[in-house]
Amino acid sequence: MTRNKFLPFLFLAPGLLLYGIFMLGAVLIAIALSFFHWEGIAGTIEFIGLQNYFHVITDSRFWLSVKNTLVYLAVYNSLMILLAVGLALLLNSPLTRFKSFFRSIYFLPVTFSFVAIALTFSMIYHIDYGVINLILKALNLPKVGWLEDPDIALYSLAFMRVWRNTGYYTIILLAGLQSIPDELYDAAKVDGASAIQRTLYITFPLWKGMILVALVMSTIWSFQVFAEPWILLKGGPQDATLTTAIYIYQRAFGAWRFGLASAAAVINAILVFIISALQFKLIRGRGV
């Protein structure tokens with residue numbers, strides 16, 4: 001009996017060991033490295049205490065990267081959550097036909113690599129030959145520098161990520177929607193509740209938890225956004241698409257300041273934790 005009790009942990013051990021080495025181990029190494037000056041394998045390593053952290057928090061480019069990431073987060077989360085909620089409600093509606101087909105279509109962009117999507121959208125956004133500007137030209141409207149204009153480039157990248165990831169969160173929210181017991185809706189119908197009342201007083205109160213999960217997940221991924229702005233713009237133009245992930249990469253593999261990059265990564269992780277905690281408090285404070 002005792003042997004059977006510990007058997008599941010034996011099967012979990014290899015996965016937990018790999019997770020501990022490559023995830024938790026990497027986090028601990030990054031935290032430790034943030035207290036050192038290290039220029040790579042060939043360079044010397046020197047303990048400097050909190051100097052890396054002071055350098056990061058006094059660097060205007062770091063706070064610019066935080067600002068850009070927060071703007072990106074606000075635009076991306078707002079559009080993505082609204083679209084995902086709407087699509088999940090449509091896919092869960094008894095009036096919708098070919099649900100399996102539409103679920104597959106919405107999820108399909110998630111299977112594409114970031115590199116392929118970035119290169120595709122670089123052609124869509126092209127200032128002279130892009131599809132969008134060609135349509136604007138046909139309508140006798142001025143062309144727009146979707147990736148060239150510092151005031152627009154970050155929003156263009158956010159729309160690109162919305163297109164790719166909305167289907168993913170739609171499936172997550174749809175799963176949460178379908179977990180709500182049908183008996184609650186049947187009882188509400190008997191009591192004379194309309195479809196709108198059932199949605200407002202049954203669906204959303206029981207659905208908030210899953211929406212919160214999707215919101216926190218997308219927040220974490222927003223602070224890790226790197227591929228699209230780096231492949232297309234290298235953080236430009238004029239640092240308009242400089243994200244915290246690009247800042248960390250430039251400090252590590254551009255300036256060869258791995259300790260400094262580790263300190264920036266730790267601060268970035270703290271920001272993610274604070275924002276996620278605020279999201280939990282905000283939504284849970286409303287009765288989740």
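**A chat about the chain**

Modeller: Methionine 23 counts as partly exposed, because its relative accessibility is 46%.

Biologist: What do buried, exposed and partly exposed stand for here?

Modeller: Buried is under 20% relative accessible area, exposed is over 50%, and partly exposed is in between, with a 1.4 Å probe and protein chains only.

Biologist: And where is methionine 23?

Modeller: Methionine 23 sits in helix α1, residues 2-33. Helices (H or I, at least four residues) and strands (E, at least two) are DSSP runs, numbered from the N terminus.

Biologist: Before we go on, what kind of model is this?

Modeller: This is a predicted model, where local features need pLDDT of at least 70 and side-chain atom pairs count only at pLDDT 80 or more, while totals for chains, interfaces and linings use all residues. Residues are numbered from 1 along each chain as its sequence is written, and side-chain values use heavy atoms, with hydrogens and water left out.

Biologist: Good to know. Which residues make the nonpolar surface patch?

Modeller: Leu17, Leu18, Tyr19, Ile21, Phe22, Met23 and Leu24 make it, and the patch is about 750 Å². Patches are made of residues with over 30% relative accessible area and no salt bridge; like charges are joined within 9 Å, and nonpolar side chains (Val, Leu, Ile, Met, Phe, Trp, Tyr) within 5 Å.

Biologist: Let's zoom out. How many helices and strands are in the protein chain?

Modeller: The protein chain has twelve helices and two strands. Their order along the sequence is α-β-β-α-α-α-α-α-α-α-α-α-α-α.

Biologist: What does the C-alpha trace span?

Modeller: About 75 × 75 × 35 Å along its principal axes.

Biologist: And how much of the protein chain is buried?

Modeller: Of its 288 residues, 39% count as buried. The accessible surface comes to about 17000 Å², and 71% of that belongs to carbon and sulfur atoms. Those areas come from the Shrake-Rupley method with a 1.4 Å probe; for residues, only the protein chains shown count as cover.

Biologist: What about contacts between residues at least 6 apart in sequence?

Modeller: Among those, 66% join residues at least 24 apart. A contact here means heavy atoms within 4.5 Å.

Biologist: New topic: charges. How many positive and negative side chains are there?

Modeller: There are 20 positive and 13 negative side chains, and the centres of the two sets lie 7 Å apart. Lys and Arg count as positive and Asp and Glu as negative, with His and the chain ends not counted. Each charge is placed at NZ of Lys, CZ of Arg, CG of Asp or CD of Glu.

Biologist: Why might some of them pair up?

Modeller: Side chains of opposite charge can pair when their charged atoms come close. Searching the whole structure gives three salt bridges, each being a side-chain nitrogen of Lys or Arg within 4 Å of a carboxyl oxygen of Asp or Glu.

Biologist: Which residue does arginine 161 bridge to?

Modeller: Arginine 161 pairs with glutamate 228, and their closest N and O atoms are 2.7 Å apart. The pair links distant parts of the chain, with arginine 161 in helix α7 and glutamate 228 in helix α10, 67 residues apart.

Biologist: Are those two buried or exposed?

Modeller: Arginine 161 counts as buried because its relative accessibility is 5%. Glutamate 228 is buried too, with a relative accessible area of 2%.

Biologist: Which residue pairs with aspartate 128?

Modeller: Lysine 143 does, with the closest N and O atoms 2.8 Å apart. Aspartate 128 lies in the loop between α5 (114-124) and α6 (131-138) and lysine 143 in the loop between α6 and α7 (153-178), so the pair ties together parts 15 residues apart in sequence. Aspartate 128 is partly exposed at 38% relative accessibility, and lysine 143 is exposed at 51%.

Biologist: And what does aspartate 239 pair with?

Modeller: Aspartate 239 meets arginine 61 in a salt bridge of 3.1 Å, N to O. Aspartate 239 is in the loop between α10 (227-233) and α11 (244-254), while arginine 61 is in helix α3 (residues 60-92), 178 residues away.

Biologist: Last one: how many residues of α11 are buried?

Modeller: Eight of its eleven residues are buried, including Tyr247 and Arg251.
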